[in-house]
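Student: I would like to learn how to read a model of this kind, one feature at a time. Could you take me through it, giving the general idea before the particular case?

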Amino acid sequence: MAGSKPRSGRSTSLRDTSESRMDTAGSWDVLEWTKIEPMSRSVSRDVLELLLEAEQVVVEGSGVVLVNTDEAGTLVVTNYRLLFLSEGTRKIIPLGTIPLATIEKFSKIVLKNPSASHQSEKNPSKRLLQVTGKDMRIITFGFRPRTKQRRAIFDALLKYTKPARLWDLYAFSAGPSRYQNTNPKVRLLSEYFRLLGSSYHPSPETIENRSFTLSNDWWRISSVNSNYDMSPTYPFAFIVPKAFSDEEILQASNFRARCRLPVVTWCHSGTGAVLARSSQPLVGLMMNMRSNADEKLVTAFCTKHYSLRGSSRKLYIADARPRKNALANGAMGGGSESSSNYSQSEIVFFGIDNIHAIRDSLARLRDYLDTYGATSSDGMSSFLRHSGWTWGGGNLSSMSASVSTLGDSAWLIHVQTVLAGSAWIAARIALEAASVLVHCSDGWDRTTQLVSLASLLLDPYYRTFKGFQALIEKDWLAFGHPFADRMGMPTISGDGNNPYELYRQSSSRIGSFPTSPMRQLSGSSTSITQQSPGPSHTQNSSNASPIFLQWVDCISQLLRMYPLAFEYSMAFLVDFVDCVLSCRFGNFFCNSEKERQQAGVPDACGCLWAYFEDVRSVGNSHPHYNIFYDPTNYDGPLLPPAAALAPTIWPQFHLRWACPKEAQAAEVETKCRNTLNKLAELQKAKDASERKANEVMKKLESLTAELRNEKQLSISSMNLAKKATRETNAIKRAVQSLGCNIHFSNSGELTLDIEGNQKYVYRSVYSPPRREMGSGLRDEDKSDLSVSLTVTGEDKVSTNSVSRLCESLCPLRTIDGGCRWPDASCAQFGSQFVGLKANFDAFDRLSIYDTYFGSE
């Protein structure tokens, strides 16, 4: 592929802040396309280096402009994401890079100038592609005219953003790789055992032989749904009252929508209070249908406890819906309970809106952020949208209008409603030791939000990484939140062939405002048209709704209120939501545990939890860790008062695309982390210096010890030398006392002249004594002097002369001629050699210095 060349022909920037450029033609007219290049057929090397495992390039287009930031680059569609590379640095631009599964809708747009009767070569129509993401971004790409780049990109998105089959998703192509998934059923049982107070660790064999049905004093694990025959959207095992049999469970399930009967999702180990969940009861239009099995099961949640002095605890039945919606469901066979049918019960309605209201609310919030953000999809800053110079249009009225629009989105109100309901449930269980049963219509959207958030408030374990995983796998995945439907992804039933829905204009929405990027500027003469047929495509949105995103937003609000109570950080929550929306891993595929098992997702796809464990393996310095976490001060329930439940925009998620600088300014945690990282680096440098200093000290001590040893050896050698000198002088004096002249030579020989002019030559030999050597001295340094003299004469020596010599030299000779030292071998007679051997070691033992030589 020919490399993209700098577009020097673009003489004017799209984001020119000069008012002279903001004429009635609009900012789109400043684009100039001067060079037409064909669609690339090959893949550049720098693109291949950025691909993930099993990621393949589908189509690539050069010379594309990201209108939001006025950056030119290369747009690439792979089987996993839409990738945008900067033309200059060839690096990924995050705003223009989005996973295909995160794309909610996209459309082709043409900008025409009706003032010109004929489109000339210098002023062709502007061809744009607008992409709307589920992660709060709206991005727009501009393409060169009279090329097939936009068509090729559009067709690729049309094919890969909504695959016809589940197995066409990227996660199945990538496989588990190094992020192997363990058995999710085993992890679910581990959480059940923890709740029941058991230390037993389950295994796959535990599931095969169904030996997981443990129990405590009040509750037990039931395997009645092990084959998903009772309820296909419930897990294979769940917790029920211990006194309730499996036959009664089957009877009670028939009275609840989709057979989602009341079961325990969390229990208090101290008081015995429980948090239970179910779907709506099938009481009918007249609200007169009853079930003895269901009433008995719900009443069993009001267990007696010693702290209550024998009386039954109170039971709250929390209906997440508005009261009128609950009554309206009666027309379809549903409805709500009557407190008169359930002992010690009280019915409470939370008034949380349904999935459709939440979907529209998030869409309005996204449009608001795009309209008044710094990187809007029309390439204009909110400062310049109405040719003004102040925020939001130039006057206070426009500022008030924008704030009103934010309120009209109602997103923060929906978040506050879920927070208030969860806090109310947690307070009833923690303060009153009451049991609470929560349900909505089907029991898998609003019910899941409430019970999981209330569990997080009650149990500090869920505020850790492991607990967060266990909470989601239990309340969201195991109990059948329809992730595939809510995220608009295919399931094993293959709903990918459903026709796409047309883009719905936001003018009919509450608090409507211009839809990006086609915002009509004041006095603009630019004509905006959408190509047909089917210019806008969106994923199946009839059941799509950001329920899970709303729940994570609630956690971010709690993390903002209690920054010391959570082990994970805001950065972790953002990355977690991104991974869920991207469908890179298979944990959140399908609509239920049964479907994921049938599709073989745990074995065929990578595991999101293993991925996060891998990225956190560097230690507590990773951004996912909350540096303020203090579990010792937050080891109990969190019970926020109603006055504190005032949610705000989640800047790290909501503002990161529209207002990136403001989102970063809100990262106080990031600044503290950077400071701690610098402190850690300084600490490491200090530790390294201390280690070097210790090594130097050890070497110095070693050298000092060696020097001390050398000094001792030197002193010992000097002492031995002095001793040898004394002994030599003693022998010399003894020999000279006989009238002999003695002379020592350097070669170790000595000459001895004896009276009678007899000349003898002595050859001295030194040998070490037979004693143990000290550990600190060498053998040659510790040896005493031992001299062996061999006398050779030119004339034959008489025996009498030798005897006289022996008698005169030996102090141990007795008067009668005997020898007191017979073992010394002083003399050998009868030979031509006469040896005189003085063993000074023996002399020492016999105190020769005192008896013979005398003291010196």
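Tutor: Let us begin with a single residue, bearing in mind that this is a predicted model.

Student: Where is Arg584 found, and which residues is Arg584 in contact with, leaving aside its neighbours within four places in sequence?

Tutor: Arg584 belongs to the loop between α16 (570–582) and α17 (593–599). With neighbours within four places in sequence left aside, Arg584 is in contact with Leu52, Tyr80, Tyr170, Ala171, Cys579 and Tyr611. The C-alpha atom of Arg584 is also separated by 7.9 Å from that of Gly606, although the two residues are 22 residues apart along the chain.

Student: Which residues touch the most other members of the largest nonpolar core?

Tutor: In soluble globular proteins, nonpolar side chains tend to be buried together. Here the largest nonpolar core has 141 residues, and Phe576 and Phe588 are the ones that touch the most other members. Beyond its neighbours within four places in sequence, Phe576 is in contact with residues including Phe468, Phe548, Phe588, Trp609 and Phe612. A second, separate core has 23 residues, among them Ile98, Leu100, Phe106 and Trp657.

Student: How should I describe helices α4 and α13, whose axes cross?

Tutor: Two packed helices are described by the angle between their axes and the distance between the axes. For α4 (residues 184–195) and α13 (residues 465–478), the axes come within 10 Å and cross at roughly 110°, which means that α4 is roughly perpendicular to α13. Arg187, Leu188, Glu191, Tyr192 and Leu195 in α4 meet Gln469, Ala470, Glu473, Lys474 and Ala478 in α13, and by class this contact has five nonpolar, one polar and four charged residues.

Student: Are Ile355 and Cys440 buried or exposed?

Tutor: Ile355, which lies in helix α9 (residues 355–372), is buried at 12% relative accessibility, and Cys440, in the loop between β14 (435–439) and α12 (446–458), is buried with a relative accessible area of 3%. Asp445 is in contact with Ile355 and with Cys440.

Notes:
Residues are numbered from 1 along each chain as its sequence is written. This is a predicted model: local features need pLDDT of at least 70, side-chain atom pairs count only at pLDDT 80 or more; totals for chains, interfaces and linings use all residues. Side-chain values use heavy atoms; hydrogens and water are left out. A nonpolar core is a set of buried Ala, Val, Leu, Ile, Met, Phe, Trp, Tyr and Cys residues joined through side-chain atoms within 4.5 Å. Buried means under 20% relative accessible area, exposed over 50%, partly exposed in between (1.4 Å probe, protein chains only). Contact means heavy atoms within 4.5 Å. Axes are lines fitted to C-alpha atoms, for helices over the stretch in contact, and angles run from 0 to 180 degrees between N-to-C directions. Helices (H or I, at least four residues) and strands (E, at least two) are DSSP runs, numbered from the N terminus. Angles under 35 degrees count as roughly parallel, over 145 as roughly antiparallel, 65 to 115 as roughly perpendicular and the rest as oblique. Ala, Val, Leu, Ile, Met, Phe, Trp, Tyr, Cys and Pro count as nonpolar, Asp, Glu, Lys and Arg as charged, and the others, Gly among them, as polar.
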